[in-house]
Amino acid sequence: MTLAPPPVGRSGRSPAARPRPPRVLRNLNAKIASVPMILTALVVFMGGTAWTVAHSFTKSRLLPKWKFVGFDQYERLWSSNRWLISVENLLIYGLCSLVLTMAIGFTLAALLDRKIRFEGAFRTIFLYPFALSFVVTGLAWQWILNPDFGIQNVVRSWGWESFAFDPLNNPETVIFGVLIAGLWQGSGFVMVIMLAGLRGIDEDIWKAARVDGIGVTKTYVRVIIPMMRPVFVTALVIIASGIIKLYDLVVAQTNGGPGISSEVPAKYVINYMFEAQNLGQGFAASTMMLLSVIIILVPWAYLEFGGKKRG
């Protein structure tokens, strides 16, 4: 039996013998397709960021102008009681939201992962709030937390006349009223992410844990959660990005009130740039928000990618 000769191209060489193109020319179509995205990132994002930071050192008011004033805008920013309250509210909301959203989302996912009946219906119910906009969520919870016809009024109609639950009208608790609405909307989405991670765990691991006599809770803590580290990181990044952008939920629920007790940095930026017509102050506040993101992301990126030893 004779073997057929390898195919020969027009140049007289077989395809296997053709020289490989340079590294720059490999996957050329994919590289050309990514050019618009790269240009957008460089020009719009990086360019806009540099332009904003540069103008934060100027005396820009209604229109940007190159009148350098040094750190005057930042000194005014950090001497503003409104900005300090905004930062404090963001820290309280952020820490509570990170912890509670992860805890609630993982707990719901773990319960659904037990193959309960009507799992699809429960999953839809828990995820539905995420389909709503923050404005709708804020307005809905503004009604629910209203003392005249919300939770307080319903409980008092049952006979508990001394019951009081009015977080949105109390400067000390208003940020927790906003937090309730945020948890209601975001926990379902985190539940879906966690459930996808749990469904990716090999069933043999659960069987081995049961054979060894390890309890369910201990299996989650010692085995399952460490295996789901990438899933937790993804959920944390998504939650953190939503916390930094917190704006429309506050506007819909309280509009920063009572007084300025529920102000957040994003609302401070919007108000100074478009209502107070003080671009320099708004640019300084947005630069501080960017700096806070960098301070958080750089150590995480180093530990996640740069701190590992490569073999």
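# Aromatic pairs and backbone features

Phe-149 has a relative accessibility of 44%, so this residue counts as partly exposed; that class lies between buried (under 20% relative accessible area) and exposed (over 50%), computed with a 1.4 Å probe on protein chains only. The model is predicted, so local features require pLDDT of at least 70 and side-chain atom pairs count only at pLDDT 80 or more, whereas totals for chains, interfaces and linings use all residues. Residues are numbered from 1 along each chain as its sequence is written, and side-chain values rest on heavy atoms, with hydrogens and water left out.

## Aromatic contacts

A pair of aromatic rings is described by the distance of the centres and the angle of the planes. Rings of Phe, Tyr and Trp (its six-membered ring) are paired here if their centres lie within 6.5 Å; planes under 30 degrees apart are stacked, those over 60 edge-to-face, and the rest tilted. By this rule there are 16 aromatic pairs. In one of them, the planes of Phe-106 and Tyr-220 stand at 85° with the ring centres 5.8 Å apart, so the pair is edge-to-face. Phe-106 belongs to helix H4 (residues 81–112) and Tyr-220 to helix H10 (residues 216–227), so their contact ties together parts that are 114 residues apart in sequence. Helices (H or I, at least four residues) are DSSP runs numbered from the N terminus. Both Phe-106 and Tyr-220 are buried.

Trp-143 and Phe-149 form a tilted pair, with 5.0 Å from centre to centre and 45° between the planes. Trp-143 counts as exposed because its relative accessibility is 57%, while Phe-149 is partly exposed. Elsewhere, ring pairs link Phe-57, Phe-68, Phe-71 and Tyr-74 into a cluster.

The ring of Trp-206 has the charged end of Arg-114 over it, 5.4 Å from the ring centre. A charge is taken to sit over a ring if NZ of Lys or CZ of Arg is within 6 Å of the ring centre and within 35 degrees of the ring normal.

## Backbone features

Most residues other than glycine have a negative phi, and most peptide bonds are trans. Gly-257 and Pro-258 are joined by a cis peptide bond, with omega about -5°. Pro-258 lies in the loop between helix H12 (248–253) and helix H13 (265–275). Positive phi values in residues other than glycine are listed below for Phe-118 and Gln-277.

Key
Helix = DSSP H or I, 4+ residues; strand = E, 2+ residues; numbered from the N terminus.
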